[in-house]
Amino acid sequence: MSDTPFGFGLPPEEPENGDEGKKKDQQGGGGQDGPANPFGFGGFPGAGAPGGGDNPFAAMFGNMNPNDLGAAFQQLGQMLSYEGGPVNWDMAKQIARQVVSQGTADGTKDASVGPADRSAVEEAVRLADLWLDGVTSLPSGAGSAVAWSRAEWVEATLPVWQELVDPVAERVGSAMGDVLPEEMQAMAGPLIGMMRSMGGAMFGQQIGQAVGALAGEVVGSSDVGLPLGPAGKAALLPVNVEVFGKDLSVDLNEVRLYLALREAAHQRLFAHVPWLRSHLFGAVEGYARGIKVDTSKLEDVVGQFDPQNPEEIQQALQQGMFQPEDTPEQKAALARLETALALVEGWVDAVVHEAAKDRLSSAAALRETLRRRRASGGPAEQTFATLIGLELRPRRLRDASRLWASLTDARGVDGRDGLWEHPDMLPTAEDLDDPDGFVHREQLDFSELDKMLGEAAGGSSGAKPDLKKDTESDDRADENDGDDSSK
């Protein structure tokens, strides 16, 4: 680390080379008389440019017009005054909306959803739900169908991103102070506070950039295998659906319907498997707890921190500061997360294929395209992975899809979907290695286990309940319980 904390140093009382040094200093400050650069800013893009004047904040805000200096000061004020959590989410939303408004690299701009697109999405989801009724025992989970613009997707999904990112960002915020020696922490309390405020803002900028870019790629609310949108709302983004199908030589109506099938299938799963959401987010959090911040890189950033160049923190975040701990616990957490994502995506893939294969001529081609898309991840998804150290991709999608299809053949739709009743009944990573072994494994009879536990409880209390093997209904079982309790 540098001798002076955060890279701050006292300015020299006199230039080293007398008058020559003064001339050089004046030239660096734009050639004005006197101390033209009292804060040490200089050499930034746009500084001294014709008609632009000196712009000491160009390094932070880019090569901007001097007329926007007021906005620059406002943003700097937001960065330094932020006192919230580890991520400045207000700034994240602002940046994401700005990224969306700029459009994507292919020149596609965001646009408000018109009545025709809204009607087309509603009809596609309605038909998709009808088709899914015949291939899954889970009822519809979409109480409504919505068509979102990219900006609306940002607004609707930011609360979930906050739930995902805050635990990781919290570790970075703590590490930014922990890398300093204890004696320095006592002296540099205000500076640490400023560092954390700027860290929250920088993290907000990066999250905003990633979410804004991802809004240009996603086609619905469940593209990354997590329930990002409000519960019960099946959502598609018409502008992105059109871009997705542009080079596929497939009719847009078929593309929209196939994507609606996937969205509606996700909604069924998340709506009627009540433990699934917490299971997935718990796996993400468990993985995040084992992430180690690269303190050596962070020490370099903090030790050389220059208030003239706060973008250094931003660049460090872009490069990634997270290293997974190579421990059995962290490997197990990663395996749980990857398996959970693969099982969700594999079930959706298998169910949608079953519903579409005899109805859509392009079903097989669309299935393969989406499999490759999920396996590789787009640029925005890769940026997000670098930022928080986590790839939300189902690496074993194909294995999981084959397993669910085999379960359908062996046990039927009800037997397959019944495995979602409890997380302990789901296949494991080892089962994905040996799907046939799992499919043909003798199923545990939980009703017999319940009976044994009931008998054990009755025996310990001295009662002799009359439990029949062939219970005719749950109501009859309840009546028996009532009779026993009255004896």
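**A loop residue, a core and a helix pair**

Ser249 counts as exposed, because its relative accessibility is 78% (exposed is over 50% relative accessible area, buried under 20%, partly exposed in between, with a 1.4 Å probe and protein chains only). Its phi is near 55°, a positive value in a residue other than glycine. Ser249 sits in the loop between helix H9 (238-245) and helix H10 (252-272).

This is a predicted model: local features need pLDDT of at least 70, side-chain atom pairs count only at pLDDT 80 or more, and totals for chains, interfaces and linings use all residues. Residues are numbered from 1 along each chain as its sequence is written, and side-chain values use heavy atoms, without hydrogens and water.

The largest nonpolar core has 91 residues (buried Ala, Val, Leu, Ile, Met, Phe, Trp, Tyr and Cys joined through side-chain atoms within 4.5 Å). Trp153, Trp161, Leu276, Leu280, Trp347, Trp404 and Trp420 have the most contacts inside it. Helix H14 (residues 328-356) gives the most to this core, with 13 residues. Helices here are DSSP runs of H or I, at least four residues, numbered from the N terminus. Beyond its neighbours within four places in sequence, Trp153 is in contact with residues including Trp148, Trp161, Val211 and Leu237 (contact means heavy atoms within 4.5 Å).

Next, a helix pair. H15 (residues 363-376) and H17 (residues 397-417) pack at about 135°, with axes 10 Å apart. Axes are lines fitted to C-alpha atoms over the stretch in contact, and angles run from 0 to 180 degrees between N-to-C directions. H15 brings Arg367, Glu368, Arg371, Arg372 and Arg374; H17 brings Leu397, Arg398 and Ser401. By class, that makes one nonpolar, one polar and six charged residues (Asp, Glu, Lys and Arg count as charged; Ala, Val, Leu, Ile, Met, Phe, Trp, Tyr, Cys and Pro as nonpolar; the others as polar).

How values were computed: Helices (H or I, at least four residues) and strands (E, at least two) are DSSP runs, numbered from the N terminus.
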